[in-house]
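Hi,

Here is the structure I said I would pass on to you. Have a look at it first, and then read my notes below.

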Amino acid sequence: MASRRSLGWLVTVAERAALEHAASLSLEPDLSPAEAWQTVSGHCGLTLDGLAQLVAKHFRLATADFESAEPTATKLVPGNLAQKYDVFPLRADYRQLVVATSDPADLEVEQALGFASGRQPIMEVAPPARVRDAIDAAYAPDKVVESLLSHVDTEVEGAVRVVEEIGPEAVTPEKADGAPVIKLTNLILRDAIGQKASDIHIQPGRGGGVVRFRVDGVLRTYMRMPMPALARVVSRIKVLGNMDIADRLRPQDGRARVRIGDRNYDLRISTIPTRTVEKAVIRVLDTEGVGGLDEVGLPPRELSTFRRLLTNRDGIVVVTGPTGSGKTTTMYGALRDLSTEDVNIMTVEDPVEYELPGLTQMQVENKQGVTFASALRAILRQDPDIIFVGEIRDQETAEVAVQASLTGHLVLATLHTNDALGAIRRLTDLGLDAASIVDTLRGAIAQRLARRVCPECSAPVEGALTDEEERLAEPFGVRPVVRAVGCDRCGRTGYRGRIPVIEVFTMTPAVEDLVLRGPTSLELADAARAGGMRTLREAGAELVRNGDTTLEEIERVLGDVGEDEPSTQAEPPVRRASRATRASLLRASRTVVPPSSVEASGFRVALVDDDGAYRTIARALLEKEGYCVTEATGGNEALELVRGEEDYDLMILDLTMPDMDGRDVLARIRAAPATAALPVIVMTATADVQTEIQLMEEGADDYIRKPIDPASFVVRVKATLRRAYA
């Protein structure tokens with residue numbers, strides 16, 4: 001809403017018009033515009049429209065004609081600015097912006113509008129209620145969402161259906177959001193599952209929201225959206241998860257089940273409050289996609305060793321690795337293979353990720369007193385043969401697991417350690433003595449997930465290696481066979497799908513003797529390798545040798561290559577992120593938090609024009625202001641730019657080009673979710689107003705006429721970026 005300022009000039013208007021009772025008219029200084037107008041019209045016996053005509057005559061302005069309003073004009077004024085000053089954009093041309101206002105005496109409005117639009121504001125007068133109604137109709141959250149969806153392929157009717165609400169009560173229809181928000185949310189869910197994303201991140205930032213998918217363990221930007229749209233999508237997600245949409249100050253968790261195509265998917269939803277809008281993360285679980293160990297993709301050597309460990313009738317077998325390394329998927333594969341009619345398998349998990357037939361699965365509920373330890377004690381009274389513990393995270397759970405294994409149960413569990421031998425150190429840290437570890441631990445698996453090269457676009461390595469390949473080939477002791485290239489099928493990453501990198505350690509007599517004596521890490525590693533263990537580095541090198549992945553990917557997963565294994569330190573060294581990982585993190589942070597000022601350097605601009613002279617002029621003007629400019633000479637090259645790894649904050653696009661004209665490029669940019677919100681300025685040599693209006697209706701954020709006027713060019717670029725990040 002507009003800040004309240006004195007509207008005493010209304011009294012002057014009434015007095016100069018010689019209205020009845022104008023002499024006795026006075027206004028309180030803190031009245032809102034609507035209240036002030038209503039007071040004057042009521043006191044003087046005048047309609048609001050009649051008062052608007054007097055105000056317009058007093059200031060020598062026109063009265064606002066809302067019937068002639070052009071929808072494209074609203075693109076030039078951000079919604080927060082319109083609401084702050086109670087102004088509504090009516091029409092615009094190349095130099096002027098006509099707005100409706102109830103306070104034409106406010107000079108601050110003119111400055112703000114000129115700053116945001118890059119045009120000279122022209123005021124027309126209307127009653128406050130008419131202006132406010134127009135603002136609400138044009139800038140309502142659903143309108144923002146509809147604008148975002150207007151050019152995107154959103155044939156999602158019936159593609160996503162909520163088939164089950166998991167929670168204490170059903171969601172009532174009254175809680176559902178409007179149709180545009182449902183459509184946008186369904187689009188996000190459909191495309192995430194279509195790209196085989198494991199997680200969906202809906203994240204606010206200073207310059208707007210961003211939706212990112214975690215595909216093959218790496219985050220990809222899917223869509224940018226205005227903050228009002230992001231807030232509505234998060235609310236819709238909370239409705240799906242049967243969460244409290246009114247509570248935006250506390251973290252919440254929820255679950256839902258949706259059907260997309262002919263498959264059901266479980267959604268695990270988590271929201272946390274931020275300074276602006278809540279952030280939501282959705283874990284996508286394919287309820288029908290859990291197979292046996294043969295489908296997990298373990299290398300034959302490690303698969304055989306793991307299966308031997310599972311033949312034990314008692315003891316503890318653990319799978320270790322960081323979050324997202326596939327530990328649970330491997331364990332579920334083992335449980336599916338072990339699940340037969342003559343075996344009683346019970347699990348205690350936090351949370352239960354997949355429901356497997358033939359298993360009894362318990363959910364940890366700390367608020368109800370159901371912990372890993374208490375659930376384990378209860379399970380032991382249910383005559384189980386095999387017990388799966390989602391995670392051993394404290395001494396009590398570790399001790400109960402040891403007791404269960406000593407009484408004739410096979411206990412499967414996960415731990416958070418860096419490698420397989422780290423399970424021994426971790427169990428010691430949890431308070432178990434060496435004798436208990438030797439008596440119960442049968443073996444441990446360490447796991448990572450590396451991306452597999454895309455079979456559609458990978459290229460064989462022929463001739464000399466690149467500098468990066470040379471740097472990695474010697475420490476890993478292997479020459480790469482293939483290179484990642486990138487195509488449409490793999491999202492231009494060069495990788496599609498993931499493959500486990502595994503090391504399996506088994507408790508041999510030599511290792512048992514060392515554990516009882518308190519070994520160093522070097523002694524323990526030597527003994528394990530003598531017993532047949534292949535390290536993660538060696539397993540990764542084998543995948544490179546087989547042409548399944550690249551050295552760069554193995555380095556990204558395992559960390560920078562340092563001294564050859566094993567380390568003599570008691571604890572594994574802290575691994576620094578690889579150069580590729582650091583670059584990915586830098587790009588991710590750059591996407592989420594755009595620069596707060598358009599005068600600051602760092603904004604990336606894609607400049608597309610087949611005329612080299614115009615590119616030279618535009619580039620010089622942009623770089624002088626501190627923008628980072630990348631040139632393209634045609635439409636196809638422009639599309640390749642925005643589909644690549646770099647994120648762009650603005651595209652300046654020529655309308656007439658030989659290979660693909662600017663209209664076609666604009667349509668394709670608006671049709672792709674990843675670029676639907678990318679600001680685009682079209683450069684045109686035409687002075688036809690109708691053409692310029694059509695460009696705005698087709699998705700352009702502004703247009704610049706050729707030949708380029710330096711002052712106008714820079715102002716338009718800055719104004720467009722201000723509106724984009726308003």
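A disulfide is a pair of cysteine sulfur atoms within 2.5 Å. With that rule, a search of the whole structure turns up zero disulfides. Take C454: it is in no disulfide, and the nearest cysteine sulfur, that of C457, is 3.8 Å away. C487 is in no disulfide either, with the sulfur of C457 as its nearest at 3.7 Å.

Before you go further, some ground rules. This is a predicted model, so local features need pLDDT of at least 70 and side-chain atom pairs count only at pLDDT 80 or more, while totals for chains, interfaces and linings use all residues. Residues are numbered from 1 along each chain as its sequence is written, and side-chain values use heavy atoms, with hydrogens and water left out.

How confident is the predictor? pLDDT is its confidence in each residue, from 0 to 100. The chain averages 83, and 87% of the residues score at least 70. Over residues 165-177, though, the pLDDT is below 50, and this stretch has 23 contacts (heavy atoms within 4.5 Å) beyond near neighbours in sequence. Residues 561-600 also stay under 50, with 74 contacts beyond four places in sequence. Where pLDDT is low, the predicted coordinates should not be read in detail.

Back to the cysteines: are they buried or exposed? Buried means under 20% relative accessible area, exposed over 50%, and partly exposed in between (1.4 Å probe, protein chains only). C454 is buried at 0%, and C487 is buried at 15%.

T414 lies in β16, residues 410-415, and is buried at 5% relative accessibility. A polar atom of the T414 side chain lies 2.3 Å from the backbone oxygen of G390. Not counting residues up to four places away in sequence, T414 touches several residues, including V319, F388 and I392.

T506 is in β20, residues 495-506, and is partly exposed at 22%. Leaving out residues up to four places away in sequence, T506 touches T305, L309, R442, G443 and G531. T506 and L441 are 65 residues apart in sequence and 8.7 Å apart in space, C-alpha to C-alpha.

Have a look around and write back with your questions.

Cheers

Methods: pLDDT is the predictor's confidence in each residue, from 0 to 100. Helices (H or I, at least four residues) and strands (E, at least two) are DSSP runs, numbered from the N terminus. A polar contact is a pair of N or O atoms within 3.5 Å; within protein, one must be able to donate a hydrogen and the other to accept it, and residues adjacent in sequence count only if both atoms are side-chain atoms.
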